[in-house]
Amino acid sequence: MQAELLREDQSRSPEERPRPDRSRSDCPVLLSQRLVLRKPHDEDIDALANLANNANIATMVSRMPHPYTAKDAADFVRRAKAGEIGKCVYAITRMENGEFMGCCGLEPQEDGKTLEMGYWLGEPYWNNGYTTEAAHALIDMAFRTRDIDQIDARCRVTNIASRRVIQKCGFQLQGSGMVGSLALGGMVPVEWYRLDRKTWVSLRSWGDTR
Ligand SMILES: CC(C)(COP(=O)(O)OP(=O)(O)OC[C@H]1O[C@@H](n2cnc3c(N)ncnc32)[C@H](O)[C@@H]1OP(=O)(O)O)[C@@H](O)C(=O)NCCC(=O)NCCS
């Protein structure tokens with residue numbers, strides 16, 4: 001229902017859209033051409049444990065343990081369901097068969113005006129445009145329903161695929177810094193990107209960034 005509302009909303013001009021709700025914190029199911037983004041649930045645990053137990057993923061994100069066990073997966077799903085992770089956490093699933101492929105999410109920053117986007121996808125599914133498609137759906141939902149000014153994204157300087165996703169979403173480079181990596185047990189250099197509301201409005205339907 002909410003997803004249908006979000007789809008309908010895409011046909012309106014920015015001026016006609018309902019004003020974003022300052023107090024909104026729910027995470028509606030999101031539909032895109034090939035994907036359903038929804039809350040993680042217990043049936044995802046096996047696929048999650050299997051796909052996330054991959055150093056090529058863990059070393060590129062900040063807080064994923066490695067090795068990644070079935071207990072880690074069950075704990076993640078429990079915390080996501082209980083809202084304990086403190087952000088909008090989505091399972092990225094394939095619309096045609098419901099297959100679990102990875103996760104993405106938005107985390108509010110301290111200023112109350114910024115969300116940080118994160119994502120990972122199981123290696124068998126890489127390079128099909130799925131993460132870019134999921135990110136577009138997340139970003140649209142965030143700017144349409146939240147009173148935010150911008151969305152940030154960070155990737156390791158060595159992460160070519162993630163940088164490409166970020167660029168395909170219209171984010172602009174802000175600078176560089178260091179971020180902790182649980183899997184590597186230390187700090188790693190990252191690039192910091194930002195997509196502000198004005199740029200998102202000008203991008204509209206993503207036609208130029210795919
Ligand atoms: C980053 C990640 C989520 C990308 O997922 P994905 O679904 O493969 O992404 P997409 O298919 O939407 O886009 C990937 C882009 O990177 C490009 N790419 C990937 N590897 C590349 C390489 N070695 N050199 C050049 N381009 C590369 C792809 O060609 C594609 O660009 P294109 O559509 O212009 O051809 C996935 O690789 C992943 O989970 N990596 C590990 C975890 C991670 O890095 N998470 C992000 C932390 S910031």
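The following conversation takes up the terms used to describe this predicted model.

Colleague: What does the secondary structure of the protein chain come to?

Modeller: The protein chain has seven helices and eight strands. Of its 210 residues, 33% count as buried.

Colleague: How do you know that the buried residues of H6 are on the same side of the helix?

Modeller: The buried residues of H6, which spans residues 160–168, are Ser 162, Val 165 and Ile 166. They cover an arc of only 95° around the axis, and therefore they lie on the same side of H6. The general rule is that an α-helix has 3.6 residues a turn, so residues three or four places apart point the same way.

Colleague: What covers those buried residues of H6?

Modeller: The cover includes helix H5 (130–145), strand E6 (150–156) and strand E8 (186–196).

Colleague: What does H6 give to the shell around the ligand?

Modeller: H6 gives the most to that shell, with five residues. In total, 20 residues surround the ligand, and the closest are Met 60, Thr 131, Thr 132, Ala 161 and Arg 164. The elements that give two or more residues to the shell are E5, H5 and H6. By class, the shell has 12 nonpolar, seven polar and one charged residues.

Colleague: What makes E5 and E6 a pair?

Modeller: Two strands pair if at least two bridges are found between them. Three bridges join E5 to E6, and these strands run parallel; E5 and E6 therefore meet the condition for a pair. Thr 114 stands opposite Gln 150 in E6. The chain crosses from E5 through H5 to E6, and this β-α-β crossover is right-handed.

Colleague: How do E6 and E8 run, parallel or antiparallel?

Modeller: E6 and E8 run antiparallel and are joined by seven bridges. Cys 155 stands opposite Glu 191 in E8.

Colleague: Why do E1 and E2 count as a pair?

Modeller: The condition is at least two bridges. E1 and strand E2 (residues 35–38) have two bridges, in the antiparallel sense, and so they count as a pair. Leu 31 stands opposite Val 36 in E2.

Colleague: What is the order of the strands in the sheet?

Modeller: The eight strands form an open sheet in the order E1-E2-E3-E4-E5-E6-E8-E7, with mixed pairing.

Colleague: What makes E1 and E7 the edge strands?

Modeller: Strand E1 (30–31) and strand E7 (172–181) are the edge strands: each pairs on one side only.

Colleague: Which peptide bond is called cis, and where does its proline lie?

Modeller: The bond from His 66 to Pro 67 is cis, with omega near 0°. Pro 67 lies in the loop between helix H3 (55–58) and helix H4 (70–81).

Colleague: How many of the contacts join residues at least 24 apart?

Modeller: Among contacts between residues at least 6 apart in sequence, 62% join residues at least 24 apart.

Conventions
Residues numbered from 1 in each chain as written. Predicted model: local features only at pLDDT ≥ 70, side-chain atom pairs only at ≥ 80, totals over all residues. Buried ≥ 20, exposed ≤ 12 C-beta atoms within 10 Å, placed from the backbone. Helix = DSSP H or I, 4+ residues; strand = E, 2+ residues; numbered from the N terminus. Arc of directions from axis to C-beta. Contact = placed C-beta atoms within 7 Å. Near = placed C-beta within 6 Å. Nonpolar A, V, L, I, M, F, W, Y, C, P; charged D, E, K, R; others polar. Right-handed = clockwise from strand over helix to strand, strands pointing away.
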